[in-house]
Amino acid sequence: MQEIEEQKRYMKEVKKINEGITKKYYILTMGCQLNENDSEKLSGMLEEMGYSKVEEEKEADLVLLNTCCIRENAEDKLFGKLGELKRAKTENGIIIAIGGCMMQQDHMIEKIKKSYPFVDLIFGTHTLHKFPEDLYQVLNEKEKIKDVLDIDGEIYEGLPIKRDSKIKASVTIMNGCNNFCSYCIVPYVRGRERSRNPKDIMEEIVGLAKEGYKEITLLGQNVNSYLRSEKEGLRPKFEEYEGIHSFATLLRKVNEIKGIERIRFISPHPKDFTQDVIEAIRDGEKICKLIHLPLQSGSTNILKKMNRKYSKEQYLKLVENMKKIIPNLTLSTDIIVGFPGETEEDFEDTLDVVRKVKFEQVYMFLYSRRVGTPGDKMEDQIPEEVKHERFNRLKKLVEEQMEESNQKYVGTIQTVLVDGPSKNNKTLLSGRTDSNKVVIFEGPQNCIHQLVKIKIISEHMWYLRGELIEE
Ligand code: 5AD
Ligand code: SF4
């Protein structure tokens with residue numbers, strides 16, 4: 001691709017500017033795994049340009065903030081950080097760059113320009129690949145740069161990437177979202193759904209397997225719409241590749257890749273969870289049986305206002321069908337508490353679904369008003385104290401259920417992918433089950449990065465304790 005060749009030229013130019021000096025960068029990633037994957041790409045480009053990563057921003061010549069705007073607390077975090085960085089900017093002349101979803105919002109850019117004029121570079125989600133060119137301009141021309149596009153960016157292939165882990169890798173399969181849930185800012189900042197070419201995805205994963213990666217997470221705002229816009233003629237079609245024409249067929253093909261032992265994916269939408277995907281999960285022995293199925297609310301009324309396009313009953317029916325077809329299925333979910341108009345009765349419906357489904361994990365969020373979304377304009381906003389009170393009730397129920405679900409593991413034998421030494425006790429090892437539970441056990445160093453069998457001997461709130469079974 002010509003565009004990427006050009007960026008590679010800029011990478012060489014920046015490297016020349018940095019010749020003989022070891023420049024250091026610090027990167028802060030906010031938000032979801034898609035953003036983390038973008039940060040790995042930014043890190044890849046920076047390393048190519050002669051920068052090396054540091055964990056302390058005090059040591060850095062360049063600080064890069066990759067932002068998220070899904071909830072308000074990310075904004076507070078960004079402004080706090082910028083306040084801290086002002087001194088480093090005046091004293092040491094560091095370069096400050098801000099990218100990511102928040103920079104796709106005009107009012108945020110205005111605020112940064114006004115209140116934090118020392119920021120050198122602002123770039124958006126659609127111009128990530130142009131980071132080398134933008135950085136070159138900043139270094140060479142000593143200019144302040146704003147490089148944000150409103151139109152949907154292409155998915156560029158061939159950018160360098162520096163991954164955080166040696167065994168687990170995220171692979172973006174699609175970008176953007178067409179669903180417009182009424183609380184959500186994502187469709188406005190990430191644009192319309194664009195799938196990646198199946199050939200590029202497969203080649204990337206085969207390459208990762210060769211490098212020794214064992215677990216792959218397929219990423220997208222709406223993974224089960226993979227190739228839908230292309231099929232519906234909204235986007236140009238790709239050339240046929242190994243019979244991949246949908247998310248289900250992609251899952252089946254990834255499952256065949258030698259060396260890959262585990263496959264995960266986030267996030268699917270319940271309305272698009274078709275039978276072929278359920279069957280592909282059942283048949284794919286490497287596909288983890290923990291499925292993330294965002295509920296958002298258990299009330300049909302609220303789901304309608306949220307524009308989720310399923311009812312409480314449809315969600316429960318889908319879960320029932322999935323449990324019937326996929327042996328050992330476990331589920332995790334996202335729930336928003338306090339969406340406009342949520343009555344006590346609506347909230348009870350959410351608790352009811354949680355009680356019925358028995359999720360392995362629930363990610364709970366207080367509803368956060370996002371400028372430009374329909375939810376923000378709704379009149380019946382819920383007072384903060386009511387949101388908090390409901391949030392705490394939900395949390396209590398989730399914790400009770402977690403304890404119950406942890407107990408089920410005691411006495412079972414689990415396959416665990418070993419990450420490395422445990423963070424809190426370096427003499428022990430830590431890994432994850434298929435259902436993503438942390439397991440701590442004693443074992444030899446050569447278990448690290450391998451799949452091992454562990455007998456679970458006790459349960460604790462955030463981890464399971466196990467014993468290695470000699471094969
Ligand atoms: N307020 C609170 N939570 C939100 N999410 C998305 N938008 C909002 C919002 N405005 C949550 C949803 C989504 C997860 C990634 O973030 O639950 O699934
Ligand atoms: Fe946001 Fe809904 Fe799209 Fe998910 S499906 S990214 S919640 S609009």
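1. Let's start in a sheet: I291 stands opposite L331, a residue of β13. Strands here are DSSP E runs of at least two residues and helices are H or I runs of at least four, numbered from the N terminus. Bear in mind that this is a predicted model, where local features need pLDDT of at least 70 and side-chain atom pairs count only at pLDDT 80 or more, while totals for chains, interfaces and linings use all residues. Residues are numbered from 1 along each chain as its sequence is written, chains are lettered from A and ligands numbered from 1 in the order in which they are written, and side-chain values use heavy atoms, leaving out hydrogens and water.

2. Three bridges connect β12 with strand β13 (residues 330-337), in the parallel sense; two strands pair if DSSP finds at least two bridges between them. The open sheet has three strands, ordered β12-β13-β14, with parallel pairing. Its edges are β12 (290-292) and β14 (361-366), each pairing on one side only. From one strand to the next, the twist averages 15°.

3. What packs on this sheet? Helix α15 (residues 384-409) does, touching β13 and β14 (contact means heavy atoms within 4.5 Å), and its direction makes about 175° with that of β14. For such angles, axes are lines fitted to C-alpha atoms, for helices over the stretch in contact, and values run from 0 to 180 degrees between N-to-C directions.

4. Now the rings. Rings of Phe, Tyr and Trp (its six-membered ring) pair if their centres lie within 6.5 Å, with planes under 30 degrees apart called stacked, over 60 edge-to-face and the rest tilted. That rule gives nine aromatic pairs. One of them is F247 with F265: the centres are 5.1 Å apart and the planes at 80°, so this pair is edge-to-face. F247 belongs to helix α9 (residues 247-255) and F265 to strand β11 (residues 262-266), 18 residues apart. F247 is buried at 2% relative accessibility (buried means under 20% relative accessible area, exposed over 50%, partly exposed in between, with a 1.4 Å probe and protein chains only), and F265 is buried at 7%.

5. Elsewhere, ring pairs join F79, Y116 and F118 into a cluster. K111 lies over the face of F79, 4.3 Å from the ring centre; the rule asks for NZ of Lys or CZ of Arg within 6 Å of the ring centre and within 35 degrees of the ring normal.

6. Finally, look at K130, in the loop between β5 (121-123) and α5 (131-141). Leaving aside residues up to four places away in sequence, K130 touches E3, Q7 and D147.
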